[in-house]
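User: I would like to go through the terms used for this structure and ask what stands behind each of them.

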Amino acid sequence: MQRILVADDDAAIRGVLRDLLEDEGFQVSEADNGVGVLSALSSSNGSRPDLVLMDVRMPDKSGLDVLREAGTGIGSAPNKQLPVVIMTAFGTSNVAIEAIQLGAYDYITKPFDLDHVLLTIQRFFERQELNDQVIELSTRLGDRDPNEVLIGNSGPMQEVYKTIGRVARSDATVLISGETGTGKELVASILHNSSSYSRGPLIKVNCAALPETLLESELFGHEKGAFTGALNQRKGRFEMANKGTIFLDEVGEMTLSTQKKLLRVLQEKEFERVGGSVSVKIDTRIISATNKILPDEIEQNRFREDLYYRLNVISIYLPPLRDRRDDVPLLTEHFLQKHRFTASSGPARISQGAMQMLMEYDWPGNVRQLENQIERATVLSQGSVITEEHLSFTGADSRRVIDIGQRVRKGTTLQDLLGDIERQALSEALGQTDGDRLAAASLLGMKVGEFQQRLADYGL
Ligand SMILES: Nc1ncnc2c1ncn2[C@@H]1O[C@H](COP(=O)(O)OP(=O)(O)OP(=O)(O)O)[C@@H](O)[C@H]1O
Ligand SMILES: [Mg+2]
C-alpha cells in the first residue's frame with residue numbers, strides 16, 4: 001500500500017485530506033511541522049512516505065526550507081527530485097517557481113479542489129512507475145528582487161511557473177511568446193536570475209528597433225572601418241553578454257539575412273564582427289521573445305524554420321489577460337500597492353463597480369495596460385477610492401467590450417446588461433467630448449435633457 005504523509009499545521013485540512021486519501025486506499029500519516037517531515041523523509045525503514053503533501057506555511061520550518069534541507073541532506077545527491085507536492089495559498093510565482101526548482105514534484109494552490117488533489121497524486125504515482133522523472137533541479141537560488149515577481153493564480157499562469165522552475169537551471173534556449181504586455185520581458189529576467197548565468201550580465205536587444213545593418217553591428221559588433229562611420233572597433237551585444245544571457249526581444253522582426261547569421265551563432269557558438277574575419281567565441285544563454293506567431297511567419301516565408309527550432313528548445317507561452325480574468329483582482333491589488341499616491345500613503349482602494357469594469361474589459365494591452373490604468377486611476381482618485389470615473393478606456397484602449405457570454409452565464413438579466421452598455425456609452429461619449437454634455441448628447445443622438453437624466457440615473 002502506498003504511503004502518503006500529509007503535513008499541515010491546520011488539523012482540519014489534515015483531516016479532510018486523510019479522509020480523501022484513505023478512501024482511495026492510501027496509507028496516511030500526518031505531521032504538523034517541518035521537522036516531522038524531514039525526519040520522515042530521511043527515515044530508511046519502511047515508514048518512509050512514498051509521497052508528502054506539504055503546506056508551505058508551517059510554524060517551525062517553511063515547506064521551502066524542508067525542500068532545501070531534504071534536497072541536500074547527507075546521503076542524498078543535491079538537485080534531485082523529491083516526492084513532495086507543495087500546497088500553497090499564495091497567488092504569486094515565487095513560491096511556485098522556487099518549490100519546483102528545489103525539487104518538489106508539483107504544487108497545488110489552496111483552496112483546493114479535491115479532484116485536482118487526487119489527479120495530481122495519481123499522476124505522481126504514474127510517473128514513479130514510468131521512472132522517467134529525472135529532472136535536474138537546483139538547490140541554490142539567488143536573492144530575488146521583490147519587484148521581479150509574476151502575479152497570477154490562474155491555471156495557465158501556474159503552468160508558466162512550473163515551466164520556469166523546470167528550465168531555470170537547465171540554461172536551455174527559451175522562446176517566450178505572447179501578446180504585447182503579457183510579461184515576456186519580466187519572464188526573461190526571472191529566467192536569467194535563476195540560471196547559472198545569473199552572475200553574468202543580462203543584455204537586451206530589441207530587434208525591431210533597428211534597421212538591418214545597424215542591428216547586425218549591434219549584435220555582432222564591427223571592426224574599425226567596416227563601414228562609413230565605423231571609426232573604431234566595437235563590441236556587439238553577443239560579446240557583452242558573454243557568460244551571461246542575451247535577450248533577443250521581438251525576434252520575429254529580424255530580416256532573413258540577419259536570421260541566417262543568428263542561426264550560425266546558435267549552431268557554432270561563434271561569429272565574426274561585421275567587417276572582420278576573426279572568430280569570436282561565446283558562452284551565452286539565449287532567450288528570445290516575440291508577439292508574433294512564428295509558425296505563421298514560417299508559413300509566409302518570413303521566418304526561417306531551422307532558426308525557429310533552435311530558438312524554441314523550450315517554449316513559454318504567456319496567455320493574454322482576457323483569457324485569465326481571474327488574475328485581474330490579484331494584479332490590481334499588486335499594482336495598487338506598487339503605485340501609491342504618495343510614498344507615505346497606503347494603497348488606494350477600489351470600488352466594486354470599478355473592479356467589475358476591470359474584470360470585464362478585454363485588455364488588448366494586457367498586464368501593462370492594466371498597470372497603466374491603475375497608476376493613472378490612483379492619481380485621479382488622489383490615492384483614495386478608485387471608482388468607475390477614474391478608469392478610462394479611450395483611443396487605442398477603446399476596444400472595451402462587455403463579455404456578454406460570461407455575464408449571461410453569471411445570470412445577469414438583459415435589463416442589467418443593457419444598463420451597463422448604456423452607462424458605458426454615456427461615459428465614453430463624455431470622455432470623447434471632454435465632458436461637454438451638449439456635444440456628448442448629440443454624439444449619441446440624444447436630447448441634452450434626456451442625457452442629463454440618464455447621467456443622474458447612473459450616478460455619473
Ligand atoms: N504576471 C505579471 N505580474 C506582475 N507584473 C506583470 C505581469 N506581467 C506583466 N507584468 C508587468 O507588466 C509590464 C509589461 O510587461 P513586459 O514588459 O514584460 O511585457 P512584454 O510581454 O515584454 O510586452 P511587449 O511585447 O510589449 O514588449 C511590466 O511592467 C511588467 O512588470
Ligand atoms: Mg517586451
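Analyst: The model is predicted, and its chain comes to 19 helices and 16 strands.

User: Why is helix α7 called largely enclosed by the rest of the structure?

Analyst: A residue is taken as buried when its relative accessible area is under 20%, and in α7, which spans residues 184-193, seven of the 10 residues are buried, so the helix is largely enclosed. The buried residues are Lys184, Val187, Ala188, Ser189, Ile190, Leu191 and His192. For the chain of 460 residues, buried residues make up 48%.

User: What makes β7 and β10 a pair?

Analyst: Two strands pair if at least two bridges are found between them; β7 and β10, the latter covering residues 245-249, have five bridges in the parallel sense, and they therefore count as paired. Within this pairing, valine 205 stands opposite leucine 248 of β10.

User: Why are β7 and β14 called edge strands?

Analyst: The open sheet has five strands in the order β7-β10-β13-β6-β14, with parallel pairing. The strands β7 (202-206) and β14 (314-318) each pair on one side only, and this places them at the edges. Neighbouring strands of this sheet are turned against each other by 20° on average, direction ignored.

User: Which share of the contacts with a separation of 6 or more joins residues 24 or more positions apart?

Analyst: Taking heavy atoms within 4.5 Å as a contact, such residues account for 70% of the contacts in the chain with a separation of 6 or more.

Notes:
Residues are numbered from 1 along each chain as its sequence is written. Chains are lettered from A and ligands numbered from 1 in the order in which they are written. This is a predicted model: local features need pLDDT of at least 70, side-chain atom pairs count only at pLDDT 80 or more; totals for chains, interfaces and linings use all residues. Side-chain values use heavy atoms; hydrogens and water are left out. Helices (H or I, at least four residues) and strands (E, at least two) are DSSP runs, numbered from the N terminus. Axes are lines fitted to C-alpha atoms, for helices over the stretch in contact, and angles run from 0 to 180 degrees between N-to-C directions. Buried means under 20% relative accessible area, exposed over 50%, partly exposed in between (1.4 Å probe, protein chains only).
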